[in-house]
Amino acid sequence: MRTLDLAIISESNVFRQRAELVGSLFTFECMTYPSDEAFFMESNLFKNVSCLLFDFCKPQDIKDITGTLHVARQVSPASYILVVCNKMSTEEMDMAISAGASRIITQQEYYDSSKPEFVLSQVIKSVFVPVKTMDLVEGTTPTFPLYHFMPLNRRFLKVFNTNSMLTKDFLTKFSNAGDLYVQRESLDLWQEYTSGYVAKDSAEALQKSRQKFRQLNESFLSLALLVSDRSTPATFAKGKELYSHCEKFSADLLSSLLDLEDPWYIISSSAVGDYGSIERAPAVAAYAGFMSATLKVGSPTEVMIGALLADIGYLELSPSVAAKLRTNRTHEMNAEERMEYQKHPIFSLNQCLARRLPLSNNIKEIILQSHERVDQKGFPRRPRADKLLEEAMLVRLCWELDQQCQGRMGERKPDIREIRRQFSRAAMNEVGNYNPRLIVKANSVLLPAVF
Ligand SMILES: [Fe+2]
């Protein structure tokens, strides 16, 4: 029996097409069903369905909706259940959540924003988390399976069974083949394994940094899911809790990066964010925090939080704008799309404020100024150069640097040292983009003595 990525349950062609588009974008295995009964009849054909997508856009009694959700939860207990509805009161949403829905989005969010892309990519593809082969130790018997990503058919293949012994041949083979993956549900076991087996003293700091990176990444993604979720209005406390996790893990990650000889390598090879749109934020935050601490520009934790949240407004962008962003085709945006894209720092701040995240004034400005330039040709507000925060410019610099470092899943990553050198040269030669004082400072870390 196989696992299905996405079951689309709707009688509407338009609804199904929207979901199928997301499915093809992320190469999900999808099945469509015209009714809930049709799905329930066939649900036993699958070992698991990662996500059930229900169309409740047509007005119907909340009792019918909760009835369907109860059955769905029973027949598919491990699935993420995403509900799309036209209008629901707070009480009705609470009832739907209690009946088994994992999240509810409005019809408008479904068609006009890129939330379906983010939520579905998170709950389906992020079932697998990349880990480093070099953190595995020969002769040990991990208590979790390991997977390999096959770029050709874009599927995950199990290559190691629970409680088998790791052999030298296996480790050699996969250290040449790129990252391995564990299932998200095995992450705790992986953390336990890596803290129990420290390969060599010199590897300990690297391993610790990777662990901290993963923790920050997990908290950030949970925060992003929550911040963009309007179906659970009474969760301000949860938002605060996740935010304080992000603060703590940012500080932890930074202190372990500062212990490393080459933090650039760890961040650029961190393998976060190959899916979707905002997932590179932890890497940008890590670069920016490291540079802020080393160059003494602002408070490193504030810079990291600003970098994490600066693009959270991407989730409000329309599917066409988001698709062009994801595939690096911003130059193909028409005037209207460009205007929408250029508002995203404002969307980001508004989303955080709507969730009452306790942001300092500095963090708010870092978010708002994350695309501003000294020649006032940035966006969205174009303040005078003397009003620009160096911290915000640092975040943009790291975001641009990271854009150039990104390798796609299954492909070899570009060499970060070469990218740093090229980036520094381009920034020095370009007038009006960054503050020249900041670039001179930045070069002291972008261009280390080895060049
Ligand atoms: Fe941005």
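**Exercise 1.** Which residue in strand 2 is the bridge partner of Ala 7?

*Solution.* The model is a predicted one, in which local features need pLDDT of at least 70 and side-chain atom pairs count only at pLDDT 80 or more, while totals for chains, interfaces and linings use all residues. Residues are numbered from 1 along each chain as its sequence is written. The bridge partner of Ala 7 is Met 31, in strand 2. Strand 1, residues 2-9, pairs with strand 2 in the parallel sense over four bridges, where pairing requires that DSSP finds at least two bridges between two strands, and where strands (E, at least two residues) and helices (H or I, at least four) are DSSP runs numbered from the N terminus.

**Exercise 2.** Decide whether Ile 65 is buried or exposed, and list its contacts.

*Solution.* Ile 65 belongs to helix 3, residues 62-75. A residue is buried if 20 or more other C-beta atoms, placed from the backbone, lie within 10 Å of its own, exposed if 12 or fewer, and partly exposed in between; because Ile 65 has 21 C-beta neighbours inside 10 Å, Ile 65 counts as buried. Apart from neighbours within four places in sequence, Ile 65 is in contact (C-beta atoms, placed from the backbone, within 7 Å) with Phe 56, Gln 60 and Ala 96.

How values were computed: Contact = placed C-beta atoms within 7 Å.
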